[in-house]
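Here is a quick tour for anyone opening this structure for the first time. Have a look at it, then read on.

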Amino acid sequence: MKLDQLSRALGYFSIGLGLAEIVAPRKLGNCIGVNKSYPRLMRFLGLREIAAGVGILSEPKPAGWMSSRVLGDAMDLALLGAAFVPSKNSRGRLATASAMVLGVTALDLLTSRQLTYSKSPGGRDANGDIDWRVKRVIKSIQISRSPEELYQFWRDVTNLPNFMVHLESVSTSTDPRRSHWVAKGPAGKRIEWDAELVQDRKNELISWRTVGKADVRHAGTVQFLRAPGGRGTIVRVTMEYQSPGGVLGIAFARLFGKEPGQQVEDDLRHLKQVIETGLIPTTKGQPAGRPTGTSKKFDRQMAQPQYTVKTY
Amino acid sequence: MKANCWYGKNKLSVETVKDPEILNSRDAIIKISSTAICGSDLHLYNGFIPSMEKGDILGHEFMGEVVEVGRDVKNLKAGDRVVVPFPIACGHCFFCQKQLYSCCENSNPNAPLAEKMWGHSPAGIFGYSHLLGGYAGGQAEYARVPFADVGPLKIDADLSDEQVLFLSDIFPTGYMAAEHCNIQPGDTIAVWGCGPVGLFAIKSSLLLGAERVIAIDRFPYRLRMAREKAGATETINYEELNVLEGLMDLTGGMGPDACIDAVGMECHTPGPIHAYDRMKQAAMLENDRPHALRQAILACRKGGTVSVAGVYSGFIDKVPFGAIMNKALTIKSGQTHVQKYMKPLLERIKKREIDPSFVVTHTLALGEAPNGFQIFNDKEDECVKIILKPGD
């Protein structure tokens, strides 16, 4: 069964069970072996089920609602556990009910986990099933410059550290299609890899991928699409990360302390700032009535580019 | 240097902090000669704006003398006397090119934070929370001004600080609110709130050709100022008169052609509705108390405009959207695109069409800033506008 079919089935199940709990709380209580039923509690549980069900059915990727089902299952199991204590209750029926809830819990857990890891577009193989090894991130930004200018800027890979502020350097070797990348990792650790140019269509598109032994294998494509109405260019980046641990490029995220999607988004925003204004605005180093000028809680820590870029 | 710092709800302190330095190549450092407390600073003072951090330097209405410029600032030099606009704008992005400076795409380093809350990020603003950039403000002896080649307006004319300081915010803000009303000759404009922005909105509405301006407030001294200094033709004290009934009476039931909300999120209103909003705000079920806005929407004539200059931060409820739809209203709002208005409004000041210094009621030393906030917030001593002098 495909993921979305499973989650829809669980959604309908939620609504059905919820309706039963609301319409016939006493009968249902009897079924699961609770002698003295609590109709109010049962109806409350019914409302919860219906809310989760409606949530699941109304969203394309209801990861949050599915997690709420897992929490609800935990609540149900706890209540069933408590119901074992009064001796009037039928232990046999309670055990059957608990086993059924446990089964549903397993399904909920599996579905919610899969939904959580497939939140961004892509990351699926040809059959539409989740590909657990690749994480794809797509981000785009409008920049008030021509595709030609932006292509030229990006094509000179030594410009990249000007806006990919986690990079220390990118250098080219004798082979013009090869480049060497050095990034700042956690705790002053350096991370290095080699990349090769895969496609290069003048003023349109550049794509590259890592070669050899890279900590995180990844491939990227940047498109320079002419924006309508003289609004410059829509720069669109697609990145695919693959990490040896196999878990969706999360290792890569941890390298820089950021989720990869956020990293690409920040890089593009910084590209726009550098190209449109010649700098990346910062507040680092400003005065304040506390030890540091920036706020740890709210301010994004920005490394400064090296200003090899001309002010446009 | 000395700077007025925020340490929590109703907690301010003038502290000695380090002097600002050039951090980006398009920065300038200004030695501040005059700086003001804005009504919107009271939202920070009362703790209604999220993402403030202890030690933040407040202030976004300031002017002074350039003491240093970054290497890419070619139009200013040390010694120039400048007024600084409160939104920080790069001058080159799509929005700056369209003169929507307060929507600048590049000046808020914390844009992702604002995007989570509002969908998109506006420009950074001096001393106005980390959501809006976390920039140190201008209630200080010195300030760093980013994109100084775009914002600051040079003042060569022989005009006092009091006459030009308000080009930094409240005069353009009141003016833009009036401009948003698309005033036609003979129009009647109603203005909620006779604080400094409301007073400039009244005056600007008249400059733009309104025939009648009805001012609404609850403090007799502010209503008097609206009549005597700003030129309001009628006033309504909402604690004495039902505003909707008053406006319908004055307009023969038609309603004002345009309504300006110069109050914003901390609105007061008599009776249980205030308690209702106050409670919801305290329980964080709504960010803002929108009573003036509700009234403005209900009062506005069919096909008219509701212009919102007051600051709102997030979610509001019980807003009669059905009235907006069924009465064919236009809503205009926005942080002010100050850079667009500074030059033309300076011309109006030079031509003596307006002397903005009429709003000033108090001049204090910078060291008295916390005291000034308290007086202004509690409407003591007939306070309308306070200027702080770092030099004193």
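## A first look around

Of the 392 residues that make up chain B, 57% count as buried. Keep in mind that this is a predicted model. Chain B is built from 13 helices and 18 strands, and its C-alpha trace spans about 60 × 50 × 45 Å along the principal axes. How does its radius of gyration fit with a compact globule? For 392 residues, such a globule would have a value near 21 Å, and chain B has 20 Å, so the two agree. Sequence distance tells its own story: if you take contacts in chain B between residues at least 6 apart in sequence, 72% of them join residues at least 24 apart.

Chain A has a domain assignment with domain 1 (3–117) and domain 2 (134–277). The centres of domain 1 of chain A and domain 2 of chain A, taken over C-alpha atoms, are 45 Å apart.

## What sits inside

In soluble globular proteins, nonpolar side chains tend to be buried together. Here, the largest nonpolar core has 130 residues, and Ile30(B), Cys104(B), Val191(B), Ala201(B), Ile202(B) and Ile260(B) have the most contacts inside it. This core draws at least three residues from each of domain 1 (2–169 + 336–389) and domain 2 (174–333) of chain B. A second, separate core has 21 residues, including Tyr151(A), Phe153(A), Val222(A) and Tyr241(A).

Let's zoom in on Ile202(B). Leaving aside residues up to four places away in sequence, Ile202(B) touches Val191(B), Val213(B), Ala215(B), Ala226(B), Ala230(B), Gly231(B) and Ala232(B).

Over in chain A, helix α6 (residues 147–155) has Pro147(A), Leu150(A), Tyr151(A) and Phe153(A) buried. Those four lie on the same side of α6(A), because they cover an arc of only 165 degrees around the axis.

## Where the chains meet

The contact takes 29 residues from chain A and 37 residues from chain B. On the side of chain A that touches chain B, helix α8 (residues 260–277) gives the largest share, five residues. By type, the residues on that side of chain A divide into six nonpolar, 14 polar and nine charged.

Chain B's helix α3 (residues 111–118) is worth a stop too. Ala111(B), Leu113(B) and Ala114(B) are buried in it. Why do they count as being on the same side of α3(B)? Because the arc they cover around the axis is only 155 degrees. The buried residues of α3(B) pack against α8 of chain A. Just after α3(B) comes Gly119(B), with a positive phi of about 90 degrees.

| Residue | Phi | Place in chain B |

Gln99(B) has 12 other C-beta atoms within 10 Å, so it is exposed. Asn182(B) has 15 other C-beta atoms within 10 Å and is therefore partly exposed.

One last stop is Phe321(B), placed in helix α11 (residues 321–326) of chain B. Is Phe321(B) buried or exposed? Phe321(B) counts as exposed, because it has 10 C-beta neighbours inside 10 Å. From C-alpha to C-alpha, Phe321(B) is 8.4 Å from Ile297(B), and the two are 24 residues apart in sequence.

Note on methods: Residues numbered from 1 in each chain as written. Chains lettered and ligands numbered in written order. Predicted model: local features only at pLDDT ≥ 70, side-chain atom pairs only at ≥ 80, totals over all residues. Helix = DSSP H or I, 4+ residues; strand = E, 2+ residues; numbered from the N terminus. Buried ≥ 20, exposed ≤ 12 C-beta atoms within 10 Å, placed from the backbone. Arc of directions from axis to C-beta. Core = buried A, V, L, I, M, F, W, Y, C linked by C-beta atoms within 7 Å. Domains from an automatic or database assignment. Contact = placed C-beta atoms within 7 Å. Nonpolar A, V, L, I, M, F, W, Y, C, P; charged D, E, K, R; others polar. Rg over C-alpha atoms; globule rule 2.2 N^0.38 Å.
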